[in-house]
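This briefing covers selected residues, the domain arrangement, the nonpolar core and a surface patch. Please read it alongside the sequence and the structure shown here.

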Amino acid sequence: MTQPTNSRLSAFFSSNRAALLTLLALILLPFIVGMMDGESPMMVFANESGNSKFAQGLAIEIFILALYALSFDLIFGITGMLSFGHSMFFGVGAYLTGISIKTFGLSLPATLGLVFIAAIVQAILFGLVLPRVKGITFALVTLGLGSVFHIVVMSSELGPYTGADVGLQGVIVPAFISPANERLRFYFIALTILILVYLLYKRFVDSPTGRVCVAIRENEGRARMLGYNTFYFKLAALTLSSLTAALAGFMHTLYQPIVSPNIANMGFTVTALLIILIGGVGTLSGALVGAVVYRLLDFGLRRYIGESASFISGAVYVLFVLFIPFGIVGTWKMKSLQIKQGWQRLQKLFG
Amino acid sequence: MNTFLRKNTVLLITLAAILALFIAAAQGMEKKDFVITLLRGLSVGSLTFLVASGFSLIFGLLDVLNLAHGTLFMIGAYIGWTVFVRPDTFVDLLTPLALILSGFALGDVYPLLATRIRFGLSLKRILPWALVFTSILLFGWILPRYPIAIWNVGNYGQSPVTYSFMADSGTRLPVLPAAFTEISAPLALIGLLLASILGAFGLALFNNTAQPLKLNWKKFISFAILLLVALLTFIFNDSLTAALTGLSSNWLFVIAVLVATLSGAGLGALIESTLIRPLYIRPIYQLMLTLGMSAIGIEIVRAIWGRPEFVMPKPAFFNGSGGVCPATNFADWWANNCSTILLLDGRVRVYNEIFIPIVGVIVLISIWMLLQRTRLGMVIRAGVQDREMVEALGINVRRVFTMVFALGVGLAALGGILAAPSMGLSNAMGESLFLNALIALAIGGLTNYPGAALGSVLVGLIQQFIIKYGQIGIAIPFTDIIFKPTPPLVPASTVLLMVIILLILPNGLLGKKE
């Protein structure tokens with residue numbers, strides 16, 4: 001009896017080696033960074049190691065971005081709907097969290113519930129538009145809805161709630177996950193959420209529903225001809241995507257001291273587009289890789305070059321479109337056989 | 001008649017509803033306010049139309065959503081400003097630009113040359129890279145040392161803001177002519193020419209597709225013309241600058257408009273033939289490419305012209321004051337060139353509210369004529385209907401694509417330079433107008449030319465009426481509340497109108513059903 005389970009286990013380990021190694025590295029990351037500064041793991045546990053804390057902060061930002069990019073990949077890369085209002089999904093989560101904690105003093109679980117309800121409602125709002133408009137018109141309508149949300153957030157009438165163009169600040173985060181004092185806990189919670197959502201997405205794409213979503217991307221007319229009511233599948237993808245993006249927004253508000261109105265901007269949708277373009281459109285893991293590359297690149301450029309960083313990220317964008325259109329993960333998947341062969345040839349060359 | 005009514009019921013009802021809204025809006029304000037708001041709406045509508053029509057032509061024929069259109073609008077404005085306020089910079093730039101382009105004008109010659117010279121296989125691989133690399137090195141060495149009299153963004157006294165302010169008050173700051181100090185003049189000129197030829201040769205070697213090897217004499221002529229332009233502008237640099245500076249601001253404005261439009265068209269042709277063309281097989285990537293280009297364009301503008309906003313002075317023809325100004329009738333205005341004119345006791349700015357709509361109407365009619373009466377227009381219209389069929393008929397669609405892209409971007413640049421004296425120049429001017437244009441197109445129908453005009457006018461009018469009502473307030477019936485829409489509501493209102501119209505008529509007001 002033990003033999004088959006064992007072999008199954010080892011097969012699982014060998015086929016997911018890269019993913020498991022990455023996971024291990026991410027779990028150890030805070031301690032390794034602390035160790036490099038000569039600080040013991042206990043200090044890292046007590047959130048006293050400066051550099052480790054900084055690395056954790058950067059990683060948390062990457063996790064949040066990755067969640068957001070994942071949700072965009074689901075509707076753009078998998079289902080093939082180009083929405084320019086995606087930042088609204090994120091923004092609703094972020095602002096609703098901030099307002100309900102700060103103004104109405106709700107508890108964290110109640111806030112999360114409220115955020116999820118709002119996410120479903122806005123997915124249905126986008127869904128109302130769905131059967132009527134397709135393709136570019138859908139992009140325009142979602143752009144319109146998104147910019148109305150941005151305008152509402154920025155308007156001075158709602159200033160007491162949203163902070164208008166200054167941004168929402170002064171949200172008191174419950175002490176047990178406060179990013180200032182309990183950052184390590186926040187780090188692991190964010191990591192867990194990201195992994196769970198990623199696994200859920202993988203399962204969704206492999207499920208019958210997910211396969212129909214892919215079919216809609218490839219050819220909607222044919223999918224409908226086969227007897228699928230494509231509207232419901234698109235709505236399902238939109239709802240899942242909206243829930244995830246709102247969750248990312250929820251974590252963003254908890255983590256960041258100020259929620260800037262830029263996150264409701266069209267530019268933030270473009271960020272998601274850029275991330276999944278770097279990683280590879282339609283490959284879920286591409287969103288994760290892209291988020292890492294994007295955030296580190298952005299961080300490095302702003303630090304060493306300063307103001308003109310967005311010029312370089314624009315250039316990176318154009319170069320990716322022209323020369324690496326399938327992104328890092330997509331290109332890797334296509335070329336991995338060649339790379340493996342080359343590696344073997346290299347090994348043969350040296351004995 | 002009956003079938004027409006039945007087919008277009010929704011459209012007619014929507015139009016009637018909009019008309020009723022306007023009549024209701026007119027009731028709430030005085031006559032002079034109404035006239036001014038109407039003219040302002042038309043003005044914003046005209047500018048929107050210039051951007052929207054180009055965008056819709058490009059989208060209709062090429063299926064490219066050019067999201068960089070707003071940025072190109074802005075670049076047109078900045079180029080026009082340069083010609084208008086700093087003609088010396090413009091003249092200085094002509095020589096190196098003509099030299100850089102001259103090498104690339106010889107496009108057909110390089111493949112022929114490559115077949116005549118025999119290389120070894122390894123050399124054939126290295127040579128293109130080596131050529132391009134040498135060319136980049138040469139450019140990198142010469143261009144920073146090439147003397148160009150230009151403003152200095154870092155120094156307020158020499159920034160575009162100051163020059164603009166001084167030009168507005170009628171005095172031009174004395175500018176020191178740039179001189180060759182770090183590099184000798186012949187070396188710089190020959191080096192630029194060499195770098196350009198090497199670079200073009202290297203790039204031509206990259207694509208190995210054997211083209212029909214026939215020498216096209218037109219290429220040599222354009223090469224010769226470019227060289228001649230470079231030499232002439234180099235020799236007569238000072239006298240040309242003096243002539244441009246001495247010109248009256250009206251003629252300078254005309255030149256600025258021409259230069260901005262033409263360079264916009266050139267930029268469009270360049271973008272289409274180098275960046276967009278490889279991506280026709282992957283439409284969604286074109287969209288992302290234009291997004292990236294728009295970010296790059298804004299950064300380039302920030303680097304060259306700086307971040308602060310500034311105003312471009314109006315040409316003297318629209319800038320008179322004192323005496324009988326504001327003019328009460330047309331003859332007075334003509335005699336004094338007043339900047340404002342009284343219409344029904346309301347002050348109307350001539351440039352913003354009369355000149356721009358007139359130009360808009362002229363462009364509307366001339367593009368309409370181009371589309372309806374010329375062969376190119378016929379090809380464009382046919383291409384919008386069915387691109388593959390046109391290709392099958394043996395028409396060189398690629399060339400038409402480049403021309404249409406150039407036309408579209410040229411129109412946007414024209415809009416930019418026209419908007420500069422009324423809106424002022426800022427890094428964000430492209431974005432807001434581009435959003436307007438998108439909304440206008442969505443309302444009017446994405447690929448429909450009259451629809452673009454109708455949508456633009458509607459967007460402009462609605463925005464201006466809401467701004468006006470923000471000042472005077474709307475008395476809500478049966479209550480004493482006076483509702484004053486705040487400025488953020490202006491974009492929100494048009495966006496809402498777009499969403500509503502798209503939900504009723506998914507293809508826009510005049511768009512055809514697929």
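B:N329 lies in the loop that joins α13 (283–305) to α14 (330–336) of chain B, where helices (H or I, at least four residues) and strands (E, at least two) are DSSP runs numbered from the N terminus. The model is a predicted one, in which local features need pLDDT of at least 70 and side-chain atom pairs count only at pLDDT 80 or more, while totals for chains, interfaces and linings use all residues. Residues are numbered from 1 along each chain as its sequence is written, chains are lettered from A and ligands numbered from 1 in the order in which they are written, and side-chain values use heavy atoms, with hydrogens and water left out.

- B:N329 is partly exposed, with a relative accessible area of 38%; buried means under 20% relative accessible area, exposed over 50%, and partly exposed in between (1.4 Å probe, protein chains only).
- B:N329 and B:I341 are twelve residues apart along the chain, and 7.4 Å separates their C-alpha atoms.

**Domains of chain B**

- The domain assignment divides chain B into domain 1 (9–76 + 352–504) and domain 2 (87–286), with bounds that come from an automatic or database domain assignment.
- The centres of domain 1 and domain 2 of chain B, taken over C-alpha atoms, are 33 Å apart.
- Domain 1 of chain B gives 18 residues to the contact and domain 2 of chain B gives 16 residues, contact meaning heavy atoms within 4.5 Å.

**Nonpolar core**

- The largest nonpolar core has 216 residues, and B:L62 and B:I443 have the most contacts inside it; such a core is a set of buried Ala, Val, Leu, Ile, Met, Phe, Trp, Tyr and Cys residues joined through side-chain atoms within 4.5 Å.
- Helix α4 (residues 50–78) of chain A supplies the largest share of this core, 16 residues.
- At least three residues of this core come from each of domain 1 (9–76 + 352–504) and domain 2 (87–286) of chain B.
- Leaving aside neighbours within four places in sequence, B:L62 contacts B:E272, B:Y280, B:R387, B:F401, B:V404 and B:F405.

- B:S56 belongs to helix α3 (residues 31–62) of chain B and counts as buried at 3% relative accessibility.
- Not counting residues up to four places away in sequence, B:S56 touches B:L441, B:L446, B:T447 and B:N448.
- B:T402 is part of helix α18 (residues 397–423) of chain B, and its relative accessibility of 16% makes it buried.
- B:T402 is in contact with B:A269, B:E272 and B:R277, leaving aside its neighbours within four places in sequence.

**B:L203**

- B:L203 is located in helix α9 (residues 185–206) of chain B and is partly exposed, at a relative accessible area of 45%.
- B:L203 and B:Y110 are separated by 93 residues in sequence and by 9.4 Å in space, C-alpha to C-alpha.
- Apart from neighbours within four places in sequence, B:L203 contacts B:F104 and B:V132.

**Nonpolar surface patch of chain A**

- A:F104, A:L106, A:L114, A:I117, A:V121, A:V152, A:L158 and A:Y161 make up a nonpolar surface patch with about 690 Å² of accessible area together.
- Patches are made of residues with over 30% relative accessible area and no salt bridge, with like charges joined within 9 Å and nonpolar side chains (Val, Leu, Ile, Met, Phe, Trp, Tyr) within 5 Å; a salt bridge is a side-chain nitrogen of Lys or Arg within 4 Å of a carboxyl oxygen of Asp or Glu.
- Accessible areas come from the Shrake-Rupley method with a 1.4 Å probe, and for residues only the protein chains shown count as cover.
- Helix α6 (residues 108–129) of chain A gives the most to the nonpolar patch, three residues.
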